Structure formats: C-alpha cells, structure tokens
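Good morning, and thank you for coming.

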Amino acid sequence: MDEFSFIRSVQPAYYKQSSLIKGISDDAAVIRPSGGDVVTAVDTMVEDVHFSRKTMQPHHIGHRVLAANLSDLAAMGSTPAYYMVSITIPSDWSEEELIELYAGMDDLAARYRMDLIGGDTVSGRELSVTVTVMGTVAKGKARYRSAAVPGDVLFVTGTLGDSRGGLEWLLNEKNDSSSDQAFLIDRHRKPWPRVSFAEGLSTLQRVALNDVSDGIANEANEIAESSGVDIHIAKDMVPFSSALKNTFPDQYQDWMLSGGEDFELLGAVPLSDWTLVQENAETAGIKITKIGEVDEVSGDSPRVFIKESDQIAILKKSGYTHLKGKG
Ligand SMILES: Nc1ncnc2c1ncn2[C@@H]1O[C@H](COP(=O)(O)OP(=O)(O)O)[C@@H](O)[C@H]1O
Ligand SMILES: Cc1ncc(C[n+]2csc(CCOP(=O)(O)OP(=O)(O)O)c2C)c(N)n1
Ligand SMILES: [Mg+2]
Ligand SMILES: [Mg+2]
Ligand SMILES: [Mg+2]
C-alpha cells in the first residue's frame with residue numbers, strides 16, 4: 001500500500017458536521033463556523049515516550065492520542081467537531097496495524113460525531129502520531145485555568161494515579177494479573193475524556209478547568225499561577241481506586257499526585273455552584289471529589305499547599321516534564 005492508497009483507505013465515506021465545506025481531498029480543509037468560538041488543540045504520541053510496543057496495541061495508540069486531545073477540549077468546555085492526523089510510519093508497521101490504529105481514533109470520534117478532515121503521512125524511524133482537534137463553544141464561554149478565585153472549591157473527576165499503575169504493571173510484564181490489574185491497564189490504555197461532564201457545566205458563570213495529563217502536582221500549580229491564587233489540597237481527600245492501592249500500596253500516594261495521563265479534570269468553582277457541579281457529574285456518570293480550596297496568595301507568588309495529618313507542605317510541580325535538563 002502506498003501513501004495515496006493509504007490516504008484513500010482512511011478517508012471518511014461521508015462527513016457529519018454541517019459546518020464542513022471541504023474535507024480530505026484538497027490542499028487543506030475548509031470550515032464555515034456558524035457563530036460561537038472555535039477551540040483547537042494538538043497533542044503528539046511518540047513511540048518509546050508515550051507508549052511502547054509492550055504497553056500498547058495499535059488500537060490503544062489511536063484511542064489514546066485522540067483521547068488526550070479531547071481531554072484538552074473538555075478542559076476548555078468545548079464540544080468536539082473535527083480532527084486531523086499527522087503520522088510518521090516506520091517500515092515495520094503493517095497495513096493491518098495502521099488500520100487498527102485509525103479504528104482506535106475512529107471509534108472514539110464516532111461518539112462525538114467528529115469528522116476526520118485531513119492530515120499528513122510520512123515514513124520515519126519511530127511511530128509518531130500527532131492529532132489536532134477542533135471544537136466549538138458558545139461565544140466567551142471557553143473555560144480558562146486563570147478563572148479560579150479565592151474561596152472556590154477545588155475538585156477533581158474520577159480517580160488519580162491509575163494510568164501510572166497500569167503503565168508500571170505493563171512495563172514489568174507480570175503474568176499473574178487479576179481484575180485490579182486489568183482495571184489499571186484499561187485506565188492506562190483507554191482513558192475516557194470528560195467531555196460531556198465539561199459541556200454540562202455550560203450554564204455556570206465561572207469555572208476554571210485543567211485536564212490531568214502530567215499529574216495534579218503540575219496542573220494545580222498551573223491553575224494557581226495563571227489565576228494568581230494559592231491552592232490548598234487535603235491529601236486524604238484525593239481520590240484513588242482500590243485497585244491502585246491494592247496493587248501498589250507503597251507508591252499509590254505519589255502516583256495520585258504526579259502519575260499523569262489520567263485525563264481527568266481538575267477544576268475550581270464558587271462554593272455556591274458546587275452542588276450543581278456534583279449533580280452534573282452524576283448525570284455524566286462520573287465520580288467527582290472536592291479535594292481542597294482556593295485562597296489568596298500568602299507569599300511572594302502563587303503556591304500549592306498539601307495537608308497531610310496536620311502537616312502542611314508545598315506541593316511543587318513534580319509531574320511529567322519533557323526536555324528535562326535542556327537548561
Ligand atoms: N512547540 C510548541 N509550539 C507552540 N506552542 C506550544 C508548543 N508546545 C506547547 N505549546 C502550547 O503551550 C501550551 C501548554 O502546552 P501543554 O503543556 O502541552 O498543554 P497540555 O498539557 O494541556 O497538552 C498550550 O497552549 C500549547 O498549545
Ligand atoms: C512507554 C511509556 N513510558 C512512559 C510513559 C509516561 N508518560 C509519557 S508522556 C507522559 C505525560 C503526558 O504526556 P505529554 O506529552 O506531556 O502530554 P500533554 O501534557 O501535552 O497533554 C507520561 C506520564 C508512557 N505513557 N509510556
Ligand atoms: Mg500538550
Ligand atoms: Mg491539557
Ligand atoms: Mg505535558
């Protein structure tokens with residue numbers, strides 16, 4: 001299969017989004033938005049950085065690279081509409097594997113009626129997949145990290161650290177997997193972005209959102225810095241799964257703070273809206289937990305504090321960081 005027949009094989013038979021004017025087939029796609037704001041994000045997954053042949057099958061790679069992007073759209077309160085895929089393919093990847101990878105994206109995209117409207121195909125040494133997503137949000141309603149205000153409730157969806165637990169289990173290739181480990185592996189390979197929960201918050205005047213890709217130790221600091229506030233987290237309120245605690249009793253507490261790749265949402269809302277947020281989580285069928293509050297800056301700059309049995313410490317950025325040691 002050459003580049004051109006590959007492109008033909010991934011080209012959708014028809015498009016679902018009414019704002020699409022030109023999809024795959026020309027130099028670029030054309031969209032005609034009908035009012036509202038357009039939200040766009042891009043994320044890459046690279047072999048041996050975001051996955052290995054040991055940790056993921058092609059379908060999982062497709063699912064997760066789109067899920068990571070949808071998680072960013074969710075964190076903006078946006079409704080997904082389009083995606084584009086740029087892929088670097090090593091020579092040892094078969095046609096079947098590529099079709100599976102695209103099926104991983106397509107199955108997730110179908111849930112949101114998203115259209116694949118373009119991309120790029122090149123050959124190279126390692127598999128690398130870059131997905132660009134586009135979504136819409138009502139004018140002025142995008143949700144920013146900078147929107148947290150002293151007095152807000154700090155919350156997180158789902159449980160944290162599971163993805164790291166799944167990764168650890170897969171990398172160490174243990175054979176005696178139980179249902180706990182199957183759960184962790186699934187959380188690592190197939191995260192479900194919190195799109196409908198975030199869309200359901202559209203009636204709120206104000207909510208700060210950030211998705212958990214690198215670990216809340218990073219993401220809480222991002223909210224604190226961009227909002228110019230302090231954040232206080234109660235460690236014993238941070239949600240973790242029993243599967244994680246059972247499997248990794250010595251590590252689970254670190255991983256729930258800095259494991260990353262959970263693709264949950266960390267947010268801050270006024271106390272008066274907290275009940276509404278909880279009801280919305282119930283409607284979306286997801287767990288939600290208050291883990292702390294937002295306060296005024298008490299020092300020279302915004303900080304995140306974490307309290308554990310009356311001991312208060314500063315929670316530094318300790319999640320995943322690329323380009324470490326590059327100055
Ligand atoms: N190489 C780059 N060139 C331009 N903008 C970038 C680049 N890498 C990241 N960004 C931008 O920096 C911001 C933070 O990126 P990132 O930490 O990857 O966000 P996230 O964790 O939500 O994916 C985003 O606005 C992103 O678009
Ligand atoms: C084989 C393998 N090693 C390590 C990891 C862990 N890991 C890789 S990237 C990453 C952080 C998230 O990726 P990033 O590119 O920073 O996503 P973004 O913040 O841009 O959404 C983590 C925890 C993994 N998933 N797979
Ligand atoms: Mg990114
Ligand atoms: Mg993000
Ligand atoms: Mg990151």
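Let me begin with strand β7, which is largely enclosed by the rest of the structure, because four of its five residues are buried. Please keep in mind throughout that this is a predicted model.

What does β7 pair with? On one hand there is β11: β7, residues 153-157, and β11, residues 288-295, are paired in the antiparallel sense over five bridges. Within that pairing, Leu-154 is placed opposite Gly-292 of β11, and Thr-157 has Ile-288 as its bridge partner in β11. On the other hand there is β10, joined to β7 by four bridges, again with the strands running antiparallel. Here Val-156 stands opposite Leu-266 of β10.

These strands belong to an open sheet of seven, whose order is β8-β10-β7-β11-β9-β12-β13, and the pairing in it is mixed. At the edges are β8, residues 208-211, and β13, residues 311-314, each of which pairs on one side only. On average, neighbouring strands of this sheet are turned by 25° against each other, with direction ignored.

Glu-261 is not a glycine, yet has a positive phi of about 65°. The residue sits in the loop between α9, residues 252-258, and β10. Asp-310, also not a glycine, has a positive phi of about 70°, and belongs to the loop between β12 and β13. Which of these is buried, and which is exposed? Glu-261 is buried, because 25 other C-beta atoms lie within 10 Å. Asp-310 is exposed, because it has 5 other C-beta atoms within 10 Å.

While we are in this part of the chain, consider Glu-308, in strand β12, residues 304-308. With 12 C-beta neighbours inside 10 Å, Glu-308 counts as exposed, because the limit for that class is 12 or fewer. Apart from its neighbours within four places in sequence, Glu-308 is in contact with Lys-235 and Asp-236. The C-alpha atoms of Glu-308 and His-50 are 32 Å apart, and the two residues are separated by 258 residues along the chain.

Tyr-82 stands opposite Met-134 in β6.

The domain assignment of the protein gives domain 1, residues 3-137, and domain 2, residues 145-314. Their C-alpha centres lie 26 Å apart. How many residues are in contact between them? The answer is 18 residues of domain 1 with 21 residues of domain 2. On the side of domain 1 that touches domain 2, the elements giving two or more residues are α2 and β4, residues 79-89. Of these, α2 gives the most, with eleven residues. By class, the residues of that side of domain 1 comprise nine nonpolar, six polar and three charged.

I shall finish with ligand 2. Of the 14 residues around ligand 2, those that come nearest are Ser-52, Ser-213, Gly-260, Glu-261 and Tyr-320. The shell around ligand 2 contains five nonpolar, six polar and three charged residues. Where does this shell come from? At least three of its residues are drawn from each of domain 1 and domain 2.

Technical notes
Residues are numbered from 1 along each chain as its sequence is written. Chains are lettered from A and ligands numbered from 1 in the order in which they are written. This is a predicted model: local features need pLDDT of at least 70, side-chain atom pairs count only at pLDDT 80 or more; totals for chains, interfaces and linings use all residues. A residue is near a molecule or strand if its C-beta atom, placed from the backbone, lies within 6 Å of it. Ala, Val, Leu, Ile, Met, Phe, Trp, Tyr, Cys and Pro count as nonpolar, Asp, Glu, Lys and Arg as charged, and the others, Gly among them, as polar. Domain bounds come from an automatic or database domain assignment. Two strands pair if DSSP finds at least two bridges between them. Axes are lines fitted to C-alpha atoms, for helices over the stretch in contact, and angles run from 0 to 180 degrees between N-to-C directions. Two residues are in contact if their C-beta atoms, placed from the backbone, lie within 7 Å. A residue is buried if 20 or more other C-beta atoms lie within 10 Å of its own, exposed if 12 or fewer, and partly exposed in between; C-beta atoms are placed from the backbone.
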